[in-house]
Amino acid sequence: MISTWVSVIVMLVAFVNGARNEDDIQPCAKVQTSSSVVPLGSPVTATCVIREDCPPFIGQDVHIEWHLEDRLLPNSPVANESSRVSKVVIPSFNHTRAFLTCWVQASPAQVLGGVEIRAGYPPEAPQNLSCQTNLAYPSTLTCSWDPGQQETHLFTKYTLHTEIWDSNENHSYKLLPGVHRYTIPRADFVLFSEMKICVKAVNELGEAASVPIIMEPISAAKFDPPTIVKVEAVPKKNGCLKLSWRLSEHQAWMRNWRLNLEVRFKTADSSKWSDQPILVSLIRPSRPVDQCRLLHGTPYLAQIRVRYHQSPWSEWSSSQPGVTLESAPTGRLDWWMKVSGDHMQKQLNIHLFWKPSKQFRANSQNVSYVVSAQKLPGERGKVCSTTESYCTFQAPRRANKVYLSAVNAAGRSAPTEVRILLPKARAVISDVSAIPHDDRSLLVQWSSPLDSSGLTGFVVEWTPLLHRDLSLTQFELTARNQTGLVITGSFEPYKPYGISVYPRFKDGIGLPQTVNAYSRQKAPSMVPKIRVKNTWRSHIELTWNELPLDQRNGIVQSYKVFYWNENGPVNVVNADPEERRVVLKDLSTESLYEVFMMVSTSGGSLNGSAIHFGIEPLDAVSVVMIVTASGVALSLLIILTVLTYFSNQRRLKGRFWPAVPDPANSSIKRWTSASTQDTHLASDSEEPNPMYLSHLSFLDLPVKPSKEDDDPWLSDAEDTSDLGESICGSPFIPGYSGSNSDSVPYATVIFTGPCSSPTAKTPHVYLRSESTQPLLETEESFTPKCYQNMATDGMTKKQCFFGPCHDCVPEEAADPDILWDDFPFLRALAMNDEKD
């Protein structure tokens, strides 16, 4: 396009013909238009006139053509004119700038004349005119405006006009092209005098002016940020702070002027300022500002800003700290208690946690907490006092409540009643899950039946697993119909947290469900080393240790074992994360294998180092050695079994077929301690030796204690009839001096006193042996008849032994002569009495 218009201009210059004089040169053609600058999209009319004396076309008819840029336009000859006059009409001129040329059709075609036409829009009235006074030295007044949204496509000039009414001073300021801002010097305005300000815009299609503003420059002044000199508590007023402040050095001369002031606060541990600043109207900088309705005993940060009437606000001042006066804590504390201890213990172990509720106000910087067994404060019932948010103590099992209070230098809060709820073996929670909600929170969800009787709500507890500090335990209380909660806190990424959900009942705390959670996960920091545990002919078992908790960086989802030999493909086996073992099967005994493990979490995976292993085949020598060893072991087992059988044959026979003495062939006179040693039969055919048949055992009956020796813990004890447990000389107790323990006692002699005590006056009692073997062939199986005890000490009373006797009635008759040879056992008793 540029080269085309360069050629057109050259042709216009080269083909300018006419009368050539030394003084003037006139063109052959002249183009006239209605206007060289027109509104964009408006019609344009142009006329081309060729002179009659133009040398190339003297006496010739010419044909005129019109071109707009490179486009041919239809034309028409002018009526009553010759062919040397042509007219063209453009219905809508849509170019912002274009050349309209007049051509003569000849060989070659020649350009005789042309004109440049520009199009655009008249300017818009400037919008949003505003001015702001800067009170710095020297003061200035800066005005700015918006030129409008529509582009004019034409050069537009802007002029700022001011008029001071008190002095009738008018000023106009011309601006550079494209600049829509101007600063009026201090000499051209008066701070406290009203002035009129407007902006005018002018281009070739017209002009427009903004809506004028009438203002006092001081009312448009933006002050520098003020300075807070001091923030202090108001004496004897809780929740009030006094702020002393001043203006900057450049505005210090206005210290007696009344200004508007705004104050905003935030607590020292908060990151957000108060939503609605506090407005203080018409105050002098020399006077301090009191602000109340603040929290008691709380550190605050304060900021202020100022303006004059409706002028723009200054920027906020720098922050200054202050603390309100303390008062006693108010509101209640939310609490959570865990109780342990079985029913056998008299004391309960209690972990009590608490935190401020939404209504709680500490009203102090230094707050401690007291747990007491009594509602009224006192040192006697104090369980613990701490500045932490938890307490561990013991309470008697009968205790059912304690009281929790917050204490500061100004007083104590109303006690919060804490019920001691014992654990209950009721599990109503299932499907607990915890997933990241964002970088600082987790979404905890669970399931629970709504119709569970006595259910009042849930407790969600969480604590870091790498730091077992009770002060890091946090909790939230929820309603019974709630099954989800977003917990927030300082959750560290890649660190595990234990989250437990407890059901709360009216009379206790149910069993919890616990899961581990991470706010963000990544690949583990290490991979455990693989070890070869067992090897079979074509199988091998690999094991590894559990991945340390601080190295997991997430929940381990899988262990994958990759193995291959030098000629085979890569095989993958998924291992159970809980078992930490895997068995590789169908391995070749002639190949060397390489294996490594990959540990994965939801945040990434990590590969461990590779190890090599091989399985050696069994050769013929190994097989022979295994078979030989098995045969030798089996032979030794058979030999030991046979030897054991023959060595225990006699003992087994004595157990199942004991030797029973024959009273008819016994002689008790020959039963001595030396002769009562056990003698085993040489064979089954041998007859028992009548000299060593049995033995006597002596029993001491317990003596009933007197009333003054009676123990109340033993008042329910009963006398036993199991005489075998108190037999004097029994083989099961110390001091036993009987014969062979394999034999069966023939009879038991009972004394009312110990065996070693002197002879008692009470007659002796005899018990029948409990042997199941018959004593005599003719003896009946029922209870034997009564025998009489013939004592030699002149006793006339008859006693019954070896069974009941219905005829045993005491008589005063003289004792008949006793035949001791017919009653050998009675003879032994007589001998025992003589020795005593």
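Reader: Let's start with cysteine 292: does it count as buried, partly exposed or exposed?
Author: Keep in mind that this is a predicted model. Buried means under 20% relative accessible area and exposed means over 50%, with partly exposed in between. Cysteine 292 has 32% relative accessibility, so the label is partly exposed.

Reader: And which cysteine is joined to cysteine 292 by a disulfide?
Author: The test is a pair of cysteine sulfur atoms within 2.5 Å. Here the S to S distance is 2.0 Å, and the partner is cysteine 240.

Reader: How many residues apart are cysteine 240 and cysteine 292?
Author: Cysteine 240 sits in the loop between β19 (227-233) and β20 (241-246). Cysteine 292 is in the loop between β23 (289-291) and β24 (299-307). The pair links distant parts of the chain, and the separation is 52 residues.

Reader: Is the disulfide of cysteine 240 and cysteine 292 left-handed or right-handed?
Author: Look at the torsion about the S-S bond, which is about 115 degrees.

Reader: What about cysteine 48 and cysteine 102, is their disulfide left-handed or right-handed?
Author: Their sulfur atoms are 2.0 Å apart, and the two form a disulfide. The torsion about the S-S bond is about -80 degrees, so this disulfide is left-handed.

Reader: Which strands hold cysteine 48 and cysteine 102?
Author: This pair also links distant parts of the chain, 54 residues apart. Cysteine 48 is in strand β3 (residues 44-50), and cysteine 102 is in strand β8 (residues 97-104).

Reader: Is cysteine 48 buried or exposed?
Author: The cut-off for buried is under 20% relative accessible area. Cysteine 102 has a value of 0% and is buried. Cysteine 48 has a relative accessible area of 0%, so the word is buried.

Reader: How far apart in sequence are the parts tied together by cysteine 131 and cysteine 143?
Author: A disulfide joins these two, with S to S at 1.9 Å. Cysteine 131 lies in strand β10 (residues 127-134) and cysteine 143 in strand β11 (residues 140-146), so the pair ties together parts separated by 12 residues.

Definitions and conventions. Residues numbered from 1 in each chain as written. Predicted model: local features only at pLDDT ≥ 70, side-chain atom pairs only at ≥ 80, totals over all residues. Heavy atoms only, no water. Helix = DSSP H or I, 4+ residues; strand = E, 2+ residues; numbered from the N terminus. Buried < 20%, exposed > 50% of the residue type's maximum accessible area, 1.4 Å probe, protein only.
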